[in-house]
Amino acid sequence: MSSFDQTLDVKGAKCPMPLVKSRKAMGDLAVGQVLQVVATDRGSIADFQGWAKTAKNVEIISQETVEDGGVNLYVHYLRRTA
Amino acid sequence: MTTHELPCTTLQHQTEAAQLRSYAVTPDVLLATQPQPEDWELLAAQGYRTVLNLRGDAARAAEQRAAAEAAGLRYIYRPWPAYALEPDHVAELAQIVADPETGRLVFHCRSATRVGLMWMLYRQHHQGWTTERAEAELRAAGYDDDSLETFDFCASDFFERL
């Protein structure tokens, strides 16, 4: 698990809500700080990769899949870069 | 392209006729999940003329363009950023919808949620529909409460940033 400065729970949220909520949360971070996002939408893996490719202020540190009570959680660590 | 208001039952029948999970918001516009390889010819046979892909993967889009065009469909790839949609993206969608070359349109992403949001923004921002009217259209096409909640949240974010 990577270290992080803020966490965002978007379990149950459908695309594109995890992205929109993450973009808003990222705005509250200082440059260099890390946001942990916990999602249940499997598509969030590709969605966050796409965000990091096209946005100018986000990079992915890591993405992990964690099983929690029979449910897969997709955990993303994102750094604000600008 | 002309769109028509039809009774919900007619639109629902049209939605069920497709082999993929889809939502016919008008007789000429089908919002859909990712079509599978066997769907392109079926969509063409049902009279759809243009496919508009909102997904981000350019390599996959190139493969799907070849398959869709082989089935006789026009293919448009627009990976608009779902995390920060802007009025220019809605205007571009409006141009595609209005283009006589478009004909009947299949507008898809992965789960049909982003395209539902884009359609709601098109109705509200481009055509001046109220939130209630735009939501009613999407609900009549088959979108559930979870989807409508997502559309509400993301549309509010869009309008807050104008």
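Predicted model: local features only at pLDDT ≥ 70, side-chain atom pairs only at ≥ 80, totals over all residues.
Trainee: How many helices and strands does chain B have?

Mentor: Start at the N terminus of chain B. The elements run α-β-β-α-β-α-β-α-β-α-α-α. Sorted by kind, the secondary structure of chain B comes to seven helices and five strands.

Trainee: What share of the residues of chain B count as buried?

Mentor: A residue is buried if 20 or more other C-beta atoms lie within 10 Å of its own. Chain B has 162 residues. The share of them that count as buried is 40%.

Trainee: What share of the contacts in chain B joins residues 24 or more positions apart?

Mentor: Take the contacts with a separation of 6 or more. Among these, residues 24 or more positions apart account for 66%.

Trainee: Is Phe151(B) buried or exposed?

Mentor: First find its place. Phe151(B) sits in helix H7 of chain B, residues 145–160. The cut-off for buried is 20 or more other C-beta atoms within 10 Å. Phe151(B) has 26 of them, so it is buried.

Trainee: Which residues does Phe151(B) touch?

Mentor: Leave out residues up to four places away in sequence. What remains for Phe151(B) is Gly116(B), Leu117(B), Met120(B) and Leu138(B).

Trainee: What separates the C-alpha atoms of Phe151(B) and Ala141(B)?

Mentor: Along the chain, Phe151(B) and Ala141(B) are ten residues apart.

Trainee: Are H4(B) and H5(B) roughly parallel or roughly perpendicular?

Mentor: Two packed helices are described by an angle and a distance between their axes. Helix H4 (residues 87–98) and helix H5 (residues 113–126) of chain B have axes 9 Å apart, at an angle of about 95 degrees. Angles of 65 to 115 degrees count as roughly perpendicular. So H4(B) and H5(B) are roughly perpendicular.

Trainee: How many residues of each class are in the contact of H4(B) with H5(B)?

Mentor: H4(B) brings Pro87(B), Val90(B), Ala91(B), Leu93(B) and Ala94(B). H5(B) brings Met118(B), Leu121(B), Tyr122(B), His125(B) and His126(B). By class, that contact has eight nonpolar, two polar and no charged residues.

Trainee: Which element gives the most to the side of chain A that touches chain B?

Mentor: Eleven residues of chain A are in contact with 16 residues of chain B. On the chain A side, the elements giving two or more residues are helix H1 (17–26) and helix H2 (44–54). By class, this side has six nonpolar, three polar and two charged residues. With four residues, the element that gives the most is H1(A).

Definitions and conventions. Residues numbered from 1 in each chain as written. Chains lettered and ligands numbered in written order. Buried ≥ 20, exposed ≤ 12 C-beta atoms within 10 Å, placed from the backbone. Contact = placed C-beta atoms within 7 Å. Nonpolar A, V, L, I, M, F, W, Y, C, P; charged D, E, K, R; others polar. Axes fitted to C-alpha atoms, helices over the stretch in contact; angles between N-to-C directions. Parallel < 35°, antiparallel > 145°, perpendicular 65-115°, else oblique.
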